[in-house]
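I opened this entry to look up how the strands pair and where the nonpolar side chains gather. My notes follow the structure.

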Amino acid sequence: MRSDAGGKKTRFVVRIPGWKEENLIWIFEKNQNDVFDTLEEARETILRLCGSRLGEEALKELEGAKAGTFFRKEGSPLIKVVTEETGNYIRLRQRLGIKKKENPGNV
């Protein structure tokens, strides 16, 4: 880090050529989770699940978003931007048939 003219410390990020942070799109539905490599690949599913108005709003909000950003409005499914590591974990659990634990609630 070094200081700029105002005395604030500035951070420099060095990236290796060809390296980029990959963010995936995770669509969580009641019976199924889908993970897409890009927002463009997820576009058709988002529009189908959310409808045209909410779908377009979701696409606009999630375009270029960082991991952790999510969209959920008016009963739409949860659509979340996740890291490549999280997306691969979700895909692995699906392939192995591991489902989320049911919460039995208070008995």
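I take helices (H or I, at least four residues) and strands (E, at least two) as DSSP runs, numbered from the N terminus. I count two strands as paired if DSSP finds at least two bridges between them. The model is predicted, so to speak of local features I need pLDDT of at least 70, side-chain atom pairs count only at pLDDT 80 or more, and totals for chains, interfaces and linings use all residues. Residues are numbered from 1 along each chain as its sequence is written, and side-chain values use heavy atoms, with hydrogens and water left out.

**Strands.** I looked up β6 (residues 78-83) and found it antiparallel to β3 (residues 23-28), with six bridges joining them. β6 also pairs with β5 (residues 70-71) in the antiparallel sense, over two bridges. I79 in β6 has I27 opposite, and F71 also stands opposite I79. The hairpin of β5 and β6 has six residues between the strands, and there E74 takes a positive phi near 45°.

**Cores.** I use "nonpolar core" for a set of buried (under 20% relative accessible area, 1.4 Å probe, protein chains only) Ala, Val, Leu, Ile, Met, Phe, Trp, Tyr and Cys residues joined through side-chain atoms within 4.5 Å. Which members touch the most others in the largest core? Of its 15 residues, they are I25, I27, I46 and I79. β3, α1 (39-62) and β6 each supply at least two residues of this core, and α1 gives the largest share, eight residues. Another core, of five residues, lies apart from it and includes L24, W26, V35 and I90.

Technical notes: Buried means under 20% relative accessible area, exposed over 50%, partly exposed in between (1.4 Å probe, protein chains only).
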